[in-house]
Every structure is written in C-alpha cells, then in structure tokens.
Amino acid sequence: MRRTSRNFRIRGAAGRHGPVPLSRRAVRAAAALAAGVLAVSLTACGGDDDGGGGGGDDKGKASGDTGTTVTLPKLDGQTLEVAAVWTGAEQKNFKQVLAEFEKRTGAKVTFVPAQDPIINFLGSKIAGGAPPDVAMLPQPGAIKQAVERNWAKPLGPEATKELAKNYSQGWQDIGKVDGKQYGVYYKAANKSLIWYNAQVFENAGASEPKTWDELLNTAQMVYDSGVTPFSVGGADGWTLTDWFENIYLSQAGPEKYDQLAKHEIKWTDPSVKEALTTLAEVWGKKDYLAGGPDGALQTEFPASVTQTFTGGDQPKAGMVYEGDFVQVNIGETKAEVGTDAKVFPFPAVGDTPPVVSGGDAAVILEDSEAAQALVTFLASPDAAGIQAKLGGYLSPNKNVPESAYPNEVQQKMAKALVDAGDDFRFDMSDQAPQAFGGTPGKGEWKALQDFLKNPSDVAGTQAKLEADAAAAYGN
C-alpha cells in the first residue's frame with residue numbers, strides 16, 4: 001500500500017508542468033481550515049469488519065449512499081481488467097465498487113494486483129501483450145509517462161462530462177497532459193497528519209503539538225514516560241519523502257516547493273539543507289525511532305501503524321506519521337479511531353502548517369465502451385460513495401455527501417479537502433519522474449533511506465538527490 005499513498009498538501013492548480021504557485025494567503029487559509037478541522041478531539045467510531053477507519057456501515061447505507069446519479073450502458077458479456085497497487089482492506093473495499101459496476105452494467109471486472117513502480121509493472125504487461133484495460137496511477141508523472149509511451153487513451157465525452165460536473169478545475173487539470181484529459185482522480189489522500197496512541201499521550205501528560213518545537217517537546221515527554229516516540233515505515237521509501245515534503249513545504253514555502261517539484265532549483269539549494277537538518281532533529285535521535293534507524297528501515301508502512309496501536313499502554317511507539325489512509329491499518333488492530341487512536345495536523349515548521357495531497361487516478365490503457373464506462377462510473381459520486389462508507393478513503397469528488405463517510409473524523413477531512421477547491425498541492429515526489437520520485441531502491445526513496453541511516457550526512461544526501469534528480473529530469 002502506498003498513498004494509498006500520500007498527503008493532503010495545499011497546492012495550486014496543476015497542469016502538465018506542475019502546480020501554479022499559490023499566494024501565501026491562500027495556503028494559510030487552507031492550512032488553517034485543515035488545522036482547525038483536525039485539531040479537535042476526535043469522537044469517531046472504531047474500525048469495521050472491512051478494515052476501514054470506522055464502523056457505521058448501517059449509517060453509511062442509511063444516509064450516505066448517493067443512489068444512481070450516472071447512466072451506464074449495458075455491457076453484458078464484456079470483460080475488463082483494472083490494475084492497482086492497493087492491497088488488504090483497501091483492495092477489498094475497491095472491489096465492492098467494481099462489484100456495483102458489474103451489477104449495473106453486466107460486465108465482468110477483474111482486479112489485477114500491481115507492484116510499485118506501477119509504470120514498470122504495466123510496461124511488462126504491455127510488452128507481453130496483456131495490458132489491463134484501466135490502471136490506477138498514483139503519480140501525475142506516471143500519467144505523463146503513460147501518455148508519452150502511447151499507452152494512455154484520452155477520456156471520452158461521457159467521462160469528461162462526469163469529471164467536469166463533480167471535480168474542481170485543479171483536480172481535473174492534474175489528470176491532463178498537453179491539455180487532454182487522461183486521468184480521473186478517484187482517490188485522494190491527506191498526507192499532513194500525525195496519528196498518536198491516546199493512552200501513551202495521557203500517561204506522558206502530553207498534548208497535541210501545533211509547532212515543530214512543540215512536537216520535539218512532546219516526543220521527549222513520550223520518551224521520558226518509557227515509550228519510543230515515533231514509528232517510521234522506512235522500508236517503504238515513499239513514507240520518507242512525505243516526511244521531507246511536509247517539512248519543506250512549511251519551512252521553505254509554496255513557491256520554493258513548486259520550484260523544487262519541477263527541478264527549477266537544485267537539491268543542493270540551502271532550503272533543502274535546512275529541511276534535512278530539521279528532519280534530522282527526529283531521525284538523528286536513535287532512541288526516538290522504534291527499533292532505531294535499522295529497525296525503521298526494516299519496517300513496512302502497515303506495520304509502522306499497527307505497532308503504534310498494539311501492546312496496550314506499552315506499544316512500540318507513541319506516534320506514527322502518515323495520511324488519512326492510516327485508518328485502514330488502525331482498523332486491523334483493536335484500537336478505535338477517535339478514542340484510542342487520535343490525530344493532529346503535521347505541525348508548522350515555518351509560518352504555516354503544511355497541507356499536502358496525493359491521489360490515484362484511473363487511466364484507460366485499452367480503449368473500449370466498457371473501459372470508458374468504468375472510468376465514467378469512477379468519476380461519479382455513486383462509486384466514491386460506496387468506498388467512502390467503508391472507511392480509510394477520501395474522494396476529491398465534491399458531490400459525494402459528507403454523510404457518506406462513516407465517522408466524524410473522515411467527514412471533517414473530506415470537507416477540508418473539498419473546501420480547499422483548487423488550493424491544494426500535490427505530493428512532490430509524485431510529480432517527479434518515476435525514476436526519481438517513485439522507484440524502490442532508487443532516487444529520492446533510496447537517498448532518504450540512506451539519510452535515515454545516517455542523518456548527519458546532509459551535504460552527501462543533497463549531492464546524491466541532485467545527481468539523481470538531474471538524471472531523471474534531464475536538466
């Protein structure tokens with residue numbers, strides 16, 4: 001599971017060359033909204049049998065279903081394959097959406113489990129003459145690569161119409177390449193959140209921090225109480241890019257963020273040095289990381305969550321950073337979101353808290369009436385409403401009712417996402433060429449894993465990041 005992967009960063013409307021820089025006022029307003037929404041004491045229900053972030057299946061059925069808002073063709077006898085990197089409860093919940101599409105159209109849809117990087121996975125499938133009909137791509141850079149390789153097919157008029165009806169212009173634009181619409185962002189992520197074990201905080205006398213300095217003080221209080229402060233899923237490099245990006249966005253500001261995302265400034269820039277130095281204030285304290293740096297590098301993202309919310313009041317860690325989708329993994333423990341597991345916005349490192357977003361877009365690889373119908377369905381509130389009620393999911397679709405989400409936590413997150421409109425920033429590594437920002441063992445993922453192991457080597461890390469970025473971007 002990745003971003004599935006990633007954050008709810010506030011950014012400008014993005015086109016082919018990345019997001020349009022926002023005014024600091026717009027970023028501050030959106031960040032304030034997210035912070036105000038999430039800083040409250042949460043009173044949500046716990047996980048359900050589907051592994052979602054909260055119960056309330058009946059509530060979702062009673063008040064959250066959108067009914068039928070989109071007309072789909074009859075597709076009896078037609079078959080489709082949909083590829084995505086989703087696993088576990090996330091995959092299970094998405095299959096319920098596909099089942100509804102089958103019910104309405106008569107088509108048969110098969111889910112194809114993919115691996116990161118999905119572009120490489122798809123390349124192998126295409127080379128073998130068996131591409132999936134639709135792929136869920138987790139990066140704007142991956143959509144661009146699929147278009148450049150002539151894999152992706154433009155959306156037809158029905159899908160484009162549905163997208164325009166339900167999405168802000170910014171979310172439409174990040175699915176475009178050279179002005180043509182190729183992607184429907186079916187799933188979004190708020191990646192500027194830190195989840196914590198409520199019992200650990202209570203025992204330590206700690207409260208939710210609002211600034212980076214307060215976070216460091218909170219970590220020390222948790223440590224002094226006998227619990228390791230942070231769980232880090234360092235085996236998955238994308239979690240480490242998210243740590244960096246939140247710090248960088250808040251500290252360097254949106255303009256620099258946009259420039260670095262497009263490699264208009266180098267990774268040897270002083271702003272990167274400052275962000276890495278700040279990050280080392282956590283990563284550089286071995287006793288602050290569950291298992292130390294070596295243990296963190298062997299911990300995959302799902303385990304980084306579950307080990308924070310198991311073990312009673314002596315879990316392996318008191319806090320874990322990642323996005324709203326953490327609720328899916330909390331659902332695999334006995335902890336209840338809002339009671340045992342609570343959340344606060346990623347603290348402000350600079351003037352404002354960061355708000356970073358990620359997402360997964362449906363892209364057609366094999367054009368057909370059935371493939372176009374499926375993407376049209378995924379652009380509708382009908383599809384998003386099904387997965388919303390299962391928990392651990394957010395949609396940028398503005399016409400999904402808040403009541404479709406199973407608990408107050410997710411309802412607030414969804415409202416903040418939609419209310420942000422075009423004022424969001426997409427995950428930086430997801431905008432990069434996949435060779436740099438989205439490949440295990442390479443580029444940014446590998447450089448930050450090495451930095452986690454040796455946080456004193458700021459200059460060396462910058463040099464490696466810049467060399468890899470220059471090769472990937474070609475500039």
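Angles between axes under 35 degrees count as roughly parallel, over 145 as roughly antiparallel, 65 to 115 as roughly perpendicular, and the rest as oblique. In this predicted model, local features need pLDDT of at least 70 and side-chain atom pairs count only at pLDDT 80 or more, while totals for chains, interfaces and linings use all residues. Residues are numbered from 1 along each chain as its sequence is written, and side-chain values use heavy atoms, with hydrogens and water left out.

Helices (H or I, at least four residues) and strands (E, at least two) are DSSP runs, numbered from the N terminus. The axes of helix α3 (residues 88-105) and helix α17 (residues 381-388) come within 9 Å and cross at roughly 140°; axes are lines fitted to C-alpha atoms, for helices over the stretch in contact, and angles run from 0 to 180 degrees between N-to-C directions. The two helices, α3 and α17, are therefore oblique to each other. Contact means heavy atoms within 4.5 Å. Among the α3 residues that meet α17 are Glu-90, Phe-94 and Arg-104, and the α17 residues they face include Asp-382 and Ile-386.

Two strands pair if DSSP finds at least two bridges between them. An open sheet of 4 strands runs in the order β10-β11-β9-β12, with mixed pairing. Its edge strands, β10 (230-231) and β12, each pair on one side only.

Strand β9 (residues 193-197) pairs with β12 in the antiparallel sense over 5 bridges, and Asn-197 has Ala-341 of β12 as its bridge partner. With strand β11 (residues 319-321), β9 pairs in the antiparallel sense over 3 bridges; here Tyr-196 stands opposite Met-319.

## Buried elements

Buried means under 20% relative accessible area, exposed over 50%, and partly exposed in between (1.4 Å probe, protein chains only). In strand β12 (residues 341-345), 5 of the 5 residues are buried, so this strand is largely enclosed by the rest of the structure. Ala-341, Val-343 and Pro-345 lie on one side of β12, with Lys-342 and Phe-344 on the other.

## Nonpolar cores

A nonpolar core is a set of buried Ala, Val, Leu, Ile, Met, Phe, Trp, Tyr and Cys residues joined through side-chain atoms within 4.5 Å. The largest one has 88 residues, and Phe-94, Phe-101 and Trp-195 have the most contacts inside it. Helix α16 (residues 369-378) gives the most to this core, with 7 residues. Apart from it lies another core of 51 residues, including Tyr-288 and Leu-452.

In α16, 9 of the 10 residues are buried, so this helix is largely enclosed by the rest of the structure.
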